[in-house]
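Subject: Handover of a structure, with findings

Dear colleague,

I am handing over to you the structure shown below.

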Amino acid sequence: MQTPAVTKPLWQTYLLFLAPMVLSNFLQSMSGTVNSIYIGQMLGTQALAAVSGMFPIIFFFIALVIGLGAGAGVLIGQAWGAREPHMVKAIAGATLLLGVLIGLIAAVLGSVFARQALTGLGTPADVLDDAVAYAHVMMWILPSMLVFVLFTQLLRGVSDTLSPLLALIVSTSVGLALTPALIRGWFGLPQLGIQSAAYAGLAGNLAAMAWLAWRLIRKGHPLAPDREFFAALRLNGAILGKVLRIGLPTGVQMIVLSLSELVILALVNQHGSQATAAYGAVTQIVNYVQFPALSIAITASILGAQAIGAGRLERMAPILRTGLLINVCLTGGLIVLGYLLSHWLLGLFLTEDSTRAMAEHLLHIMLWSLLVFGFQAIIGGIMRASGTVLVPVIIAIICVVGVQLPAAYWLDGQYGLQGVWMAFPVAYLGMLVLQTLYYKLVWKHQKIERMV
């Protein structure tokens with residue numbers, strides 16, 4: 001694998017990088033979606049409500065790893081742009097080992113305190129026991145999930161988005177084949193009920209990681225798990241300091257977002273299990289739009305980091321413009337499809353007409369605002385490429401904690417359940433305005449230098 005040629009047209013580089021990542025996010029969303037369909041159709045709305053309660057908790061731990069991956073991805077991108085493969089391995093090794101430790105800690109704490117956490121979230125009593133049983137399994141398979149998520153982020157730092165896509169195909173295929181088999185006990189397998197999707201996901205993850213290791217070794221990939229790579233698996237303080245300088249604020253931002261989702265879920269849970277099921281279904285649809293928007297932002301960040309590493313600072317503004325335009329086309333197109341097909345899509349998860357009608361109304365309230373969310377994420381991604389993360393993260397946190405949550409509480413009191421969803425557009429618009437102001441008035445006037 002070689003560093004992408006700097007003479008390649010930017011739009012082509014952008015799309016070649018972005019396309020496999022968008023497809024990867026589609027597969028991730030599809031896997032969760034189909035599992036939710038399996039659970040909703042084969043086990044009922046009550047089971048779907050129990051599983052939905054775990055979404056924010058899992059996201060809380062994944063947020064830490066996403067933060068690490070964001071920091072390491074910027075450093076790897078700069079090192080790769082500067083043609084320093086030894087530094088790429090050193091950054092990846094230190095980051096991956098720290099991710100493993102986070103996964104193990106999360107598994108222990110999450111499984112021990114699962115019931116207390118779900119009770120604190122106000123999980124409806126009629127689904128609490130099922131939710132706890134599902135949570136215990138999910139927390140113990142979390143380490144493998146976190147390692148897989150982190151490693152795919154590291155691969156993207158060297159412009160390899162194809163390997164994560166192919167690995168996800170393996171993982172998704174195994175998981176989707178096993179889930180209904182474990183629900184029904186086909187082929188002599190045990191009937192695991194609500195826990196079926198979790199065990200199937202574990203099998204898929206392990207199969208994907210084994211296949212990915214084989215592929216990288218066979219291709220002589222710079223991040224192949226060979227002797228040199230394993231030698232780099234150590235907690236290098238100097239490297240991790242730089243990773244955490246970028247990744248920790250990003251991780252904190254993700255954690256604040258996940259905590260805000262916990263608050264939102266607690267508000268939703270007060271309206272009963274029907275509202276909880278609607279929340280889970282709407283979340284599935286929103287993921288199909290939000291993940292591609294985040295992929296565009298990640299692409300902008302990695303391409304920007306590689307440009308900085310290669311000393312091509314003049315490419316930063318075109319990278320930003322291209323990302324914003326792709327957001328209009330891709331995210332905007334998905335939003336239109338979401339509105340046009342909302343009734344049919346939600347019917348895949350929800351069998352009760354009243355619950356589906358509720359979910360459709362909630363989806364229509366906030367879906368358009370994901371275009372705004374994409375704009376602010378891309379602007380933040382460009383600034384992250386240079387290591388500038390603190391102020392953009394503070395802006396995001398202020399908009400979530402100081403705007404979205406108070407608005408959600410107030411609007412819930414004024415308009416009921418639909419008011420909770422009205423708070424999302426308010427927060428996203430605030431983020432876009434403040435991120436744009438900081439980019440134009442401060443960041444553009446700063447000196448940009450390599451961090452590695």
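In this message, a residue is called buried when its relative accessible area is under 20%, exposed when that area is over 50%, and partly exposed in between, with a 1.4 Å probe and protein chains only. By that rule, 58% of the 452 residues of the protein chain count as buried.

Two remarks on the source are needed. The model is predicted, so local features need pLDDT of at least 70 and side-chain atom pairs count only at pLDDT 80 or more, while totals for chains, interfaces and linings use all residues. Residues are numbered from 1 along each chain as its sequence is written, and side-chain values use heavy atoms, with hydrogens and water left out.

**Overall form**

The protein chain has 17 helices and zero strands; helices (H or I, at least four residues) and strands (E, at least two) are DSSP runs, numbered from the N terminus. Its C-alpha trace spans about 60 × 50 × 35 Å along the principal axes. The radius of gyration, taken over C-alpha atoms, is compared with a globule rule of 2.2 Å times the number of residues to the power 0.38. For 452 residues a compact globule would be near 22 Å, and the 21 Å of the protein chain agrees with this.

Contact here means heavy atoms within 4.5 Å. Of the contacts between residues at least 6 apart in sequence, 84% join residues at least 24 apart. Ser-159 belongs to the loop between helix 6 (128-156) and helix 7, and it counts as partly exposed because its relative accessibility is 23%.

**The interior**

A nonpolar core is a set of buried Ala, Val, Leu, Ile, Met, Phe, Trp, Tyr and Cys residues joined through side-chain atoms within 4.5 Å. The largest one holds 134 residues, of which Phe-151, Leu-154 and Trp-421 touch the most other members. Not counting residues up to four places away in sequence, Trp-421 touches Tyr-279, Val-282, Leu-362, Ile-365 and Met-366.

Asn-205, in helix 8, is buried because its relative accessible area is 8%. Beyond its neighbours within four places in sequence, Asn-205 is in contact with Ser-144, Met-145, Phe-148 and Ser-171. Arg-384 lies in helix 15 (residues 369-384) and is likewise buried, with a relative accessible area of 18%. With neighbours within four places again left aside, the contacts of Arg-384 are Ala-70, Val-74, Ile-246, Thr-250, Ser-301 and Val-389.

**Two loop residues**

Most residues other than glycine have a negative phi. Arg-83, which is not a glycine, has a positive phi of about 60°. Arg-83 sits in the loop between helix 3 (55-81) and helix 4 (85-112), and at 61% relative accessibility it counts as exposed. Phe-187 also has a positive phi, near 55°. Its place is the loop between helix 7 (162-184) and helix 8 (196-219), and a relative accessibility of 78% makes Phe-187 exposed.

Yours sincerely
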